[in-house]
Amino acid sequence: MMGKQYVYLFSEGNADMRELLGGKGANLAEMTKIGLPVPPGFTVSTEACREYLRRDQQIWDELRDETIAALRNLEETTGKKFGDRKNPLLVSVRSGSVFSMPGMMDTVLNLGLNDETVQGLAAASGSDRFAFDCYRRFIQMFSDVVLKVDHYLFERALEEKKKSLGVKDDTGLDAAALQEIIERYLKIVSEKTKKPFPQDPLEQLILSIRAVFDSWNNQRAIVYRQIHKLPDHLGTAVNVQSMVFGNLGDDSGTGVAFTRNPSDGTKELYGEFLINAQGEDVVAGTRTPLPITKMNEYMPDVYKQFVELCELLENHYRDIQDIEFTVERGTLYLLQTRNGKRTAASAIKIAVNMTEEGILTREEALQRVDPSQLDQLLHRRIDPDVKLDPIAKGLPASPGAASGQLVFTADEAERLSGDGVKVILVRPETTPDDIHGIVAAQGVLTSRGGMTSHAAVVARGMGKPCVSGSEDIRIDLNAKTMTVDTKVFNVGDIISIDGSNGEVYDGTVPMIDPELSGEFSMLLEWADEVRQLGVRANADTPEDARKAREFGAAGIGLCRTEHMFMSQDRLPVVQAMILAKDHEERQQALDKLLPMQQDDFTEIFRAMEDLPVTIRLLDPPLHEFLPNLEDLLVDITLLRERGNDAKELRQKEELLKQVRSLHEFNPMLGHRGCRLGIVTPEIYKMQALAIFQAAATLAKEGKTVIPEVMIPLVGHETELKLMRELVLEAAAEVKAESGQNIEFKVGTMIELPRACVTADEIAAHADFFSFGTNDLTQTTFGFSRDDAEGKFLLEYLQQKVLPENPFAVLDRDGVGSLVKTAVEKGRGTKPELKMGICGEHGGDPSSIEFCHQIGLNYVSCSPYRVPVARLAAAHAQLNHTSQGKD
């Protein structure tokens, strides 16, 4: 009986084998299958990686035998022999996980070279310089990736040699100089590893396969998976491919190209290439490349063939392709293709254009755009009407704009960002080890590298602005300075970057709000036709309400009235209401507040005419509107010491007494929400009157207003019963005075576990439920959000106690189970009971999917997340059966 197969020739696979061959291996197999010029090779499967990790990181005999058999097949196909002194077969070794993780794991090129085979390569190619250049590169990459010798040591040796010879580029080094560099490199290896550089090609290959397997669990790969929410158990495949050489002279080259522009989606070839270079030179950003269209001047026939192959690949995969290629002495080879990473703007334009071109259906177009990516388009950009003089210019590698303090290391970026400081990460070029700094920074600026360099690809994937290859700036990492012309910038100086045009500015710059493109609006219209779930916005001001409407919200799902109490002109009146000695004094303060609240509601209703507006009555504890206890103590101490203002001292001492009387051990679970309304009903009565008077004012103008009054923190049906009666009483008073009959609803925010499990009783007094999942998460987990996020939640995520931050992504098993219970019980009492969600989860795609599945009518989120929610709701509909619609 045959054992399990772990190694597959490219000719044995296809695109459907991603789980086994990884994305890169499956694509290489598919390209081989459709007859494209792919250098032959084989893939060591993800299953082999998992088995290797199970075996305590040891290569076992069967895997070694299968690898050798695949090598023999490669020798027959290429007519070259691995380790041969005359005509050696050289291979590249690359990782290839199931999901694309660009730059996160390790690659080795030119494997198979040693002191003898380099002579054979020189003879076979007719170029000593070429052979020694390959060997130099191989020693450096292999030593860095496999032997863990710092690549900086090799870079320094190379720079020293170039400097001593007065040469600017690597291409200026002749064969003799390269031989001297090789000797220096081999010496570095033996000094650092206490062993000679391995000369046996098979040993080199086995060690490299191990290094790729090991790289699955390196720090940057783990961080990347955490950021992109990729599973840890899949493992990576290893692709071993016969080398083709782009560094054989001026009729050779290498490059990376996208079949459409990944920044803005324009239908044009987008990418870069280098003459007389190997692939790593383009991706690593060590040389600044030429735009892909220039290839037409250098190699017109190859360029024409390449354009045709790009079209063929895009039509085959029905998506934008990211293609790596090499030209060896006038012959074109494709080294890999994958679906291209793209910005949100590009994803939208490509999806809509491909639909118009008949390549995709509307439903497929919707699913091609990741809702969480849309955030990129909904943030600010530099005001185009302001005349700005850039201090430097680079390549527009990832769109958007950002300002921040300049930092030179990823660690600095992470540390300062953790303290709330906005930073721009500035590097000569980034490497995968810088990923945590890119996560922390507002944007990235590099002095080297192109638009397909590591910094560009990673920043684009995260939606962060990036300017790369800005040769106007000089960076000294030791001195921690950036110099532009004669001006020196130090750590902490503020700069701004515009990733849309590649410009760099001194200081902060004026920004403006985003505008939605025609394609964006069209895609969202398609989403609206598909989705069943309504989308509302959380908005507390007329400005927010207008922005929400502009972004397509179908109403306001949460208007928090306490935010209206916080403005400086109202705070004294609010404090007077809280500190009132008796009912009469409190009522005087409330009489002053009522017209202010009425004006607020009038303007919000006006902005949301014809659409429902859910207004939550006062929720937080009253002490939040009073001065801080510690601040008061300091003021009183100072006043006592000075002894010059007895009246103010008495007032402050009286205030301190009141603050102490209102002090609570656990305010989140204390005297707040409907508990305030029951103990001091006049506060809620004032708010209800303000709501109905505002509605009546607009009704007199002939405008349709749909108020929904929401009672917070209900845990018992009697609480809602009492507060509902109070609201109905206020509505009747306003109707009697104004003569206007206002249609309205009274409902509650479900944010306590008891409310969920007694939802059938509470529903008897409710016209709607709105789930306040922020508080429901706190009360279900017993977490104080601020304390949890500040103290232990990060550790919980790192140790995988929890899969996600439950305040960002709804905890379906716990909190979600309670929500589901409340939906079933509530609708058991009132089958048509309207239900929505207004916590921050209302803008999270995973949580929106859950809301769709359990049959909520709508989600409500911040205005800038409304487009995200509209698309996520369409995704939920396409992925699951339909439910009710708002």
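**Figure 1. Helix 7 and the positive surface patch.** Helix 7 (residues 175-193) contributes the most to the positive patch, with 3 residues. Helices and strands are DSSP runs numbered from the N terminus, a helix (H or I) having at least four residues and a strand (E) at least two. The patch is formed by Arg156, Arg184, Lys187, Lys192 and Lys194. Patch residues have over 30% relative accessible area and no salt bridge; like charges are joined within 9 Å, and nonpolar side chains (Val, Leu, Ile, Met, Phe, Trp, Tyr) within 5 Å. Lys and Arg count as positive, Asp and Glu as negative, while His and the chain ends are not counted; a charge is placed at NZ of Lys, CZ of Arg, CG of Asp or CD of Glu. Lys192 lies in helix 7 and is exposed, with a relative accessible area of 54%. Buried means under 20% relative accessible area, exposed over 50%, and partly exposed in between (1.4 Å probe, protein chains only). The model is predicted: local features need pLDDT of at least 70, side-chain atom pairs count only at pLDDT 80 or more, and totals for chains, interfaces and linings use all residues. Residues are numbered from 1 along each chain as its sequence is written, and side-chain values use heavy atoms, with hydrogens and water left out.

**Figure 2. A nonpolar surface patch at Ile678.** Ile678, Val679 and Leu722 make a nonpolar surface patch of about 250 Å². Accessible areas come from the Shrake-Rupley method with a 1.4 Å probe, and for residues only the protein chains shown count as cover. Ile678 lies in helix 25 (residues 674-679). With 35% relative accessibility, Ile678 counts as partly exposed.

Figure 3. Glu719 belongs to helix 27 (residues 717-738). Glu719 is buried but has no salt bridge, and the nearest side chain of opposite charge, Arg675, is 4.7 Å away. A salt bridge is a side-chain nitrogen of Lys or Arg within 4 Å of a carboxyl oxygen of Asp or Glu. Leaving out residues up to four places away in sequence, Glu719 touches Cys674, Arg675, Ile678, Leu713 and Val714. Contact means heavy atoms within 4.5 Å. Ile678, among these neighbours of Glu719, is also part of the nonpolar patch.

**Figure 4. Glu324, buried in strand 11.** Glu324 lies in strand 11 (residues 321-328). Glu324 is buried and has no salt bridge; Arg94, the nearest side chain of opposite charge, is 4.3 Å away. Not counting residues up to four places away in sequence, Glu324 touches Arg94, Gly255, Val256, Tyr333, Leu334, Leu335, Gln336 and Arg338.

**Figure 5. The salt bridge between Glu503 and Lys393.** The closest N and O atoms of Glu503 and Lys393 are 4.0 Å apart, and the two residues form a salt bridge. Glu503 is in strand 24 (residues 503-506) and Lys393 in strand 14 (residues 392-393), so the pair ties together parts that are 110 residues apart in sequence. Glu503 counts as buried at 17% relative accessibility, whereas Lys393 counts as partly exposed at 42%.

Figure 6. The side chains of Lys547 and Glu550 meet in a salt bridge, 3.4 Å from N to O. Both residues lie in helix 19 (residues 542-550), 3 residues apart, about one turn of the helix. Lys547 is buried, with a relative accessible area of 15%, while Glu550 is exposed, with 51%.

**Figure 7. The salt bridge between Arg616 and Asp619.** Arg616 forms a salt bridge with Asp619, and their closest N and O atoms are 3.8 Å apart. Arg616 counts as buried at 8% relative accessibility, and Asp619 is buried with a relative accessible area of 6%.

**Figure 8. A salt-bridge network.** Salt bridges link Arg129, Asp133, Arg136, Arg137, Glu159, Lys162 and Asp170 in a network. The count of salt bridges comes to 54. The mean positions of the 99 positive and 134 negative charges of the chain are 1 Å apart.

**Figure 9. The chain that holds these sites.** The chain has 34 helices and 33 strands, and 56% of its 886 residues count as buried. Its C-alpha trace spans about 105 × 70 × 55 Å along the principal axes. The chain exposes about 36,900 Å², of which carbon and sulfur atoms supply 48%. Among contacts between residues at least 6 apart in sequence, 70% join residues at least 24 apart.
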